[in-house]
There are 2 protein chains.
Amino acid sequence: MTAPPHSARPGGPGRPLPDTQQGMRRRNLSRVLHTVRAEGPLSRAAVASRIGLTRAAVSTLVDELIRFRLLEELGPERPGRVGRPGSALAVSATGPAGIGAEVGVDHLAVCAVDLRGQVRSRAVRHGGNRARSAEPVLEQLTRLVRQVVDETEAEGLWPAGLAVAVPGLVARDGRTVVRAPNLDWHDTDLGELLAVDMPLTVDNEANFGALAELWLGERTPPDFVHVSAEIGIGAAVVVDGQLLRGTRGFAGELGHVPVHPDGPACRCGGRGCLEQYAGEEAVLRASGLAPGEDRVGLLAEKAEQGDENVRRALTDAGTALGIALTGAVNLLDPEGVVLGGALAELAPWLLPSLRDELARRTAGPACPVSVSALGPQGPLLGAAHSVVRTVLDDPAAIAKYATRTGTG
Amino acid sequence: MTAPPHSARPGGPGRPLPDTQQGMRRRNLSRVLHTVRAEGPLSRAAVASRIGLTRAAVSTLVDELIRFRLLEELGPERPGRVGRPGSALAVSATGPAGIGAEVGVDHLAVCAVDLRGQVRSRAVRHGGNRARSAEPVLEQLTRLVRQVVDETEAEGLWPAGLAVAVPGLVARDGRTVVRAPNLDWHDTDLGELLAVDMPLTVDNEANFGALAELWLGERTPPDFVHVSAEIGIGAAVVVDGQLLRGTRGFAGELGHVPVHPDGPACRCGGRGCLEQYAGEEAVLRASGLAPGEDRVGLLAEKAEQGDENVRRALTDAGTALGIALTGAVNLLDPEGVVLGGALAELAPWLLPSLRDELARRTAGPACPVSVSALGPQGPLLGAAHSVVRTVLDDPAAIAKYATRTGTG
């Protein structure tokens, strides 16, 4: 098995293409593909006018993208328009697919998304991963990936890469899980343990959740803080449409922002961190509930039924979130805050106190807080779409890979 | 007087140059100029090998930069080397100058910096600006700017733009001071009130201080948080060598991160903000000192003399800074924290408790905290250098302006 190339980290600026004729061609290929994807079906003339290149230049680029199987011609446009009818272009439904995977504390999931953004295949396996070592979990994940890849290939698509969302901190190499406390993984190299022959990227689930919100959410601004939860509190900061990663790749640790600096000790070494007030375990404890399998579902159900203890615990968690987010908003000045993941499910009971707290601590209008429509699906979709994005951002590179491996 | 163009905000990615032959030429002009500035004197052949273009292409670019008076030839290189001797190139000492200005609470300052980074002229006026309205202050600043421009022109330089550092929040238009509480300015348009005929940029003093640290500091990493103070606590976040500005331009408000959420009320509308523990007024109050003219100097002097009250107040301020910075470090994962401005002067008494607090709240190695060597000079130097940077980043644009106004 040949070692596949590792793709650039998702949601970042990518490797800058060289400033040469060749680099310019590659950037223009990307521009054509992005334009057709966002606004297609479009004729060559329409693409040319949208991106400000000549029709001849666009035709050459389009021919190349058709050869790469990234664009397809839908046949002549309907008559009745002025001039010679052109053939409408659309992104291919049988080209590359992005494979996304998620290692959750209680489940594994894999899906394939095509260039048009459609989910074409999906596989889920329920069951806890907490007490297991990384090897059997990743063996199982490899089998799920193969299943989804087989189904995808049966539909005429080819896998352009795999992106894996994990509940932990990932090194900037994009493959090593430095620590995932709720899985008890430390310095786990997924590149070694996943037996898949395609470009691999591993990232924190909060990062992929935020990217899903950025790419798929309605009216998501380019500058926002995305807060999610799976046992711990995760957050991701998006600035100008790009993830802020930090020096080691550890940015977005909202869960360890001090809320009451003399509060209870936290596993991070600090005291009174947000996680001690709004983390799943803290909320369960404050509610007087025992930790079980579907913890978020249980909290939502009890709150729905009017359980006073649960409602009070969620209100207090919202207040703590509001204090920590006041700090984040003052530091980052985002356009909005989005609650995703498990927090989206609990939003009805968290939001009132969270918004109160933010408003109380802000002189002007408070930073708007909204709830993700993707909820727990965010990280998996973000992972798959991040692979699709790498194709859209540099179609020439991925076409080369497809040719090399003989699957294109 | 013709309205001069407004330059792009400093420390940002700038306006992306169009992806055309013309844009490529402009980017390559910048590349040549940056290379000669950083590593010169250099021959054309040495520039060509460093930036990976042919010698012929570099020669054309160099000729253009000489015509713009941005580069100059120093004459033939000393003999004894292999091949035909080339003429060494250096950035011009008589080309454009960046004019920087600072509106402090207790002073006004202006300086001019040439392409080589040398300060060529400087003017300062001491005296409080707190009780005065914006008009007379900016009239006085205009006079200081003219004085510095005259001196600069007498040396054969021409002013390429003016950048003004203010102790307040600046709108993203780069000219309107939204609020500067310690000057009592609100929605003050410096573009209207400053009678200068050159491109103008206004920015927060903390931002310019951070940029000075980035450009002039020794071993400053590309990802850091810069904390400074002039009455309020200011901070700036630099990510990948660029300022993080926020949606409204208000990012970096570390002074209003909650430290003790039930603490004293703050003018921002919040409670227990960092400024209530580490701001100048809070420290003076805790020290039992009356606010006077040179407040920071007074604190440093008393601490030096061993005044227990002052030392205790500064230790407590360091602890509060450590709590707020724990939050910032968790959110941003910077490579380091730099104390600048007035905090640099007080660092000996702030640092021990600040570092303790950060270490206490961090499981792994704590984020390193260093002290700026620029201290209170940072904002003024950062402002002047930001103008020089706009020239280096797009020499063609500024050459056009120079030609248009007839000063080039």
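**Figure 1. The loop around R219(B).** R219(B) sits in the loop between helix 6 (205-216) and strand 11 (224-230) of chain B. Helices (H or I, at least four residues) and strands (E, at least two) are DSSP runs, numbered from the N terminus. In this predicted model, local features need pLDDT of at least 70 and side-chain atom pairs count only at pLDDT 80 or more, while totals for chains, interfaces and linings use all residues. Residues are numbered from 1 along each chain as its sequence is written, and chains are lettered from A and ligands numbered from 1 in the order in which they are written. The phi angle of R219(B) is near 55 degrees, a positive value in a residue other than glycine. R219(B) is exposed because it has 6 other C-beta atoms within 10 Å. A residue is buried if 20 or more other C-beta atoms lie within 10 Å of its own, exposed if 12 or fewer, and partly exposed in between, with C-beta atoms placed from the backbone.

**Figure 2. The loop around R69(B).** R69(B) belongs to the loop between helix 3 (55-67) and strand 1 (71-76) of chain B. Its phi is near 65 degrees, a positive value in a residue other than glycine. R69(B) has 18 C-beta neighbours inside 10 Å, so R69(B) counts as partly exposed.

Figure 3. In chain A, the peptide bond from G40(A) to P41(A) is cis, with omega near -5 degrees. P41(A) is placed in the loop between helix 1 and helix 2 of chain A. In chain B, the bond from G40(B) to P41(B) is cis, with omega near 0 degrees. P41(B) is placed in the loop between helix 1 (21-39) and helix 2 (44-51) of chain B.

**Figure 4. Helix 2 and helix 3 of chain A.** The axes of helix 2 (residues 44-51) and helix 3 (residues 55-67) of chain A come within 9 Å and cross at roughly 115 degrees. Helix 2 of chain A is therefore roughly perpendicular to helix 3 of chain A. Axes are lines fitted to C-alpha atoms, for helices over the stretch in contact, and angles run from 0 to 180 degrees between N-to-C directions. Angles under 35 degrees count as roughly parallel, over 145 as roughly antiparallel, 65 to 115 as roughly perpendicular and the rest as oblique. R44(A), A45(A), V47(A) and A48(A) in helix 2 of chain A meet R55(A), V58(A), S59(A) and V62(A) in helix 3 of chain A. Two residues are in contact if their C-beta atoms, placed from the backbone, lie within 7 Å. By class, this contact of helix 2 with helix 3 of chain A has five nonpolar residues, one polar and two charged. Ala, Val, Leu, Ile, Met, Phe, Trp, Tyr, Cys and Pro count as nonpolar, Asp, Glu, Lys and Arg as charged, and the others, Gly among them, as polar.

**Figure 5. Helix 10 and helix 11 of chain A.** Helix 10 of chain A packs against helix 11 (residues 341-360) of chain A at an angle of about 45 degrees, and their axes are 7 Å apart. This angle is why helix 10 of chain A is oblique to helix 11 of chain A. Residues of helix 10 of chain A that meet helix 11 of chain A include R311(A), L314(A) and L325(A), and W349(A), P352(A) and E357(A) are among those on the side of helix 11. The contact of helix 10 with helix 11 of chain A has 12 nonpolar, six polar and three charged residues.

**Figure 6. V296(A) in helix 9.** V296(A) lies in helix 9 (residues 295-304) of chain A. V296(A) counts as buried because it has 20 C-beta neighbours inside 10 Å. Leaving aside its neighbours within four places in sequence, V296(A) is in contact with A342(A), E345(A) and L346(A). The C-alpha atoms of V296(A) and L343(A) are separated by 8.6 Å, although the two residues are 47 residues apart along the chain.

**Figure 7. A328(B) and the contact between the chains.** A328(B) is part of helix 10 (residues 308-332) of chain B. With 25 other C-beta atoms within 10 Å, A328(B) is buried. Leaving aside neighbours within four places in sequence, A328(B) is in contact with L331(A), V225(B) and L254(B). Between the chains, 37 residues of chain A are in contact with 37 residues of chain B. Helix 10 of chain A gives the most to the side of chain A that touches chain B, with seven residues.
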